[in-house]
Amino acid sequence: MSRGCSWSPARADGSARHDLRKARRVTIMKIGIIGAGNIGGNLTRRLTALGHDVSVANSRGPQTLTALAEETGATPVPVEEAARGAEIVVVTVPLKRVPDLPSGVLDGAADGFAVIDTGNYYPQRDGRIAGIEDEGRTESRWTEGHLGHPVVKAFNGTYAQDILDRHRPAGAPGRQALPVAGDDAAAKAKVRALLDELGFDTVDSGGIDDSWRQQPGTPVYGLRAGVEGVTEALAKASPERPADLRG
């Protein structure tokens with residue numbers, strides 16, 4: 001889920017990021033983002049603002065990411081280099097583009113790295129995907145098969161603008177919660193910690209085979225609510241895909 005963004009922070013150059021890291025006294029991570037659309041672009045903005053070392057890639061090449069790099073201080077790279085040294089890799093491309101990602105796209109990532117999958121299946125955009133519709137795989141299980149690495153599903157039902165506008169400190173009134181699904185407990189914990197740092201509570205929605213609870217057409221998809229509301233919405237989900245989301 002995404003919305004357009006016109007928000008433009010001051011450029012986060014190297015010296016500013018260094019000062020921010022010293023002031024925050026937190027662990028700075030190397031993060032790779034594959035996909036620079038609304039979600040990928042706004043995650044680049046927030047993560048660099050927090051002081052993280054972000055590499056960002058898209059299908060059109062690093063030369064098309066000059067403006068985003070100048071705005072944020074992120075490093076534009078070819079897709080093949082986005083995961084190099086990364087502790088977290090965010091894959092945020094249309095589902096139909098996942099099979100087109102280069103072989104070994106995650107090669108060179110740091111030991112124990114986590115992959116965040118933000119993707120959603122929209123048949124009208126992606127075409128009919130038999131592995132999802134006929135074989136009953138969840139969207140993220142299908143993506144996982146193409147990437148060859150476990151994923152953690154997060155941000156798939158989040159409005160892109162909310163990444164910039166709705167983050168709140170821990171414990172603040174009205175703090176929004178996001179569902180997170182994944183099979184790897186350590187990777188899921190790493191992703192939930194990052195979301196907390198980004199300013200969002202999280203709700204564990206189960207493993208990847210349970211991630212249908214947060215796919216498009218479910219009560220939690222696009223929901224702006226706290227932990228209680230998100231938990232209730234996940235419990236109300238049906239595994240049956242809505243008719244308008246079938247190919």
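Predicted model: local features only at pLDDT ≥ 70, side-chain atom pairs only at ≥ 80, totals over all residues.
The mean pLDDT of the protein is 92, and 89% of its residues reach 70 or more. Over residues 3-18, however, pLDDT stays under 50. For this stretch the model has 30 contacts beyond four places in sequence.

The strands form an open sheet of eight members with mixed pairing, in the order β3-β2-β1-β4-β5-β6-β7-β8. β3 (75-76) and β8 are the edge strands, each of which pairs on one side only. Within the sheet, β5 pairs with β6 (residues 152-153) in the parallel sense, over two bridges. Aspartate 117 stands opposite lysine 153, a residue of β6. Helix α8 packs on the sheet, where it touches β1, β4, β5, β6, β7 and β8. The direction of α8 makes about 165° with that of β7.

In soluble globular proteins, nonpolar side chains tend to be buried together. The largest nonpolar core in the model has 29 residues, and those with the most contacts inside it are Leu43 and Phe155. At least two residues of this core are supplied by each of the strands β1 (30-34), β2 (53-57), β4 (88-91), β5 (114-117) and β7 (177-182). The helices α2 (38-49), α7 (160-165) and α8 (185-198) likewise each supply at least two. The largest share, five residues, comes from α8. Apart from this core lies another, of 25 residues, which includes Val77, Val91, Ile132 and Trp142.

The surroundings of leucine 43 bring together residues from separate parts of the sequence. With its neighbours within four places in sequence left aside, leucine 43 is in contact with Ile33, Val90, Phe155, Ile163 and Leu198. Of these, Phe155 is named with Leu43 as having the most contacts inside the largest core.

Helix α9 (residues 227-235) has buried residues at Val230, Ala233 and Leu234. These three lie on the same side of α9, because they cover an arc of only 100° around the axis. An α-helix has 3.6 residues a turn, so residues three or four places apart point the same way. On the other side of α9, Glu228 and Ala235 are exposed. The buried residues of α9 pack against β7 and β8 (201-204).

Technical notes. Residues numbered from 1 in each chain as written. Heavy atoms only, no water. Core = buried A, V, L, I, M, F, W, Y, C linked by side-chain atoms within 4.5 Å. Buried < 20%, exposed > 50% of the residue type's maximum accessible area, 1.4 Å probe, protein only. Helix = DSSP H or I, 4+ residues; strand = E, 2+ residues; numbered from the N terminus. Contact = heavy atoms within 4.5 Å. Arc of directions from axis to C-beta. pLDDT = per-residue confidence, 0-100. Pairing = 2+ DSSP bridges. Axes fitted to C-alpha atoms, helices over the stretch in contact; angles between N-to-C directions.
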